Amino acid sequence: MTKENLENINLPRHIGIIMDGNGRWAKQRGLKRSEGHKAGAQVFRNICNYAEDIGIECLTFYAFSTENWKRPAEEINAIMNLFRDYLMEAQEKEEENEEKGMRIRYIGERSGLPEDIVGMIEQLESLSAEKHKITVNLAVNYGGRDEIIHAVKKIAKRVEAGELKPEDITQEDIDGNLFTAGLPDPDLIIRPSGEYRLSNFLIWQSAYSEFWFSNILWPDFTPDDLDKAIIDYSKRNRRFGGV
């Protein structure tokens, strides 16, 4: 499908994607799990570019959760190296990204990540800060519950300082202290691989999200699959609690 074919489609402003199934994809082919993550990283790049082409405002990719540290060290190192590769590539393609208007943001806890990765994240965020065509959030070392705790602690400091009364705390105060502050909540969350759960992904922000699940493993996910999810989303009646 092309951008022209989607002209009369109600596009979601913000799509969250849980990139799942890399390990199983590799196992099916007799490969190391790291090869699955490598294939999945290329799909991530393809979907970013396609979403920008069709006019999606924001994408959030769940790449590495706070729980993923439990995985074997070899697999974790492979994922971190892929993250390094992407960050270096994005910096090298700064001129191309300038034309695309792609803003890169990191969401997650920076403590615990390798120092060189944190440095590259900060540099890339700074370089792309003024771009507004599409925002790409990379959720690495991210957990939805930890994000809420992080926001609550920031609000608690304001209360402690006498800047805010507990009874005056609003939903907007929570929103404004999340990693996604300033962005619309996800309209659509996509999870491939045959799993039917959020796995601690954007649990505050997804209160009224639409969900699209499929049995496709992430390395096999294509722009056509994204089209199917968007078309399905466009047919849903989003009432937000109303009639």
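Student: In which sense do strand β2 and strand β4 pair, and over how many bridges?

Tutor: Strand β2 (residues 58-65) and strand β4 (residues 134-142) pair in the parallel sense, over seven bridges. Pairing here takes at least two DSSP bridges between two strands. Strands are DSSP runs of E with at least two residues, helices are runs of H or I with at least four, and both are numbered from the N terminus. Before we go on: this is a predicted model, where local features need pLDDT of at least 70, side-chain atom pairs count only at pLDDT 80 or more, and totals for chains, interfaces and linings use all residues. Residues are numbered from 1 along each chain as its sequence is written, and side-chain values use heavy atoms, with hydrogens and water left out.

Student: OK. What stands opposite Y62 in β4?

Tutor: That's A139.

Student: And what's the strand order in the sheet?

Tutor: β3-β4-β2-β1-β5-β6, an open sheet of six strands with parallel pairing. β3 (102-107) and β6 (210-213) are the edge strands, each pairing on one side only. On average, neighbouring strands are turned by 20° against each other, direction ignored.

Student: Helices now. How do α2 and α8 pack?

Tutor: Helix α2 (residues 33-54) and helix α8 (residues 223-234) pack at about 50°, with axes 10 Å apart. Axes are lines fitted to C-alpha atoms, for helices over the stretch in contact, and angles run from 0 to 180 degrees between N-to-C directions. So α2 and α8 are oblique to each other (under 35 degrees is roughly parallel, over 145 roughly antiparallel, 65 to 115 roughly perpendicular, the rest oblique).

Student: Which residues meet there?

Tutor: I47, Y50, A51 and I54 in α2 meet P223, L226, D227 and I230 in α8, with contact meaning heavy atoms within 4.5 Å. The residues of that contact divide into seven nonpolar, no polar and one charged (Ala, Val, Leu, Ile, Met, Phe, Trp, Tyr, Cys and Pro are nonpolar, Asp, Glu, Lys and Arg charged, the others, Gly among them, polar).

Student: What comes just after α2?

Tutor: G55, which takes a positive phi of about 100°.

Student: At what angle do α3 and α5 cross?

Tutor: Roughly 30°, with the axes of helix α3 (residues 73-92) and helix α5 (residues 115-128) coming within 10 Å. That's why α3 and α5 count as roughly parallel. Residues meeting there include F83 and L87 in α3 and M120 and L124 in α5.
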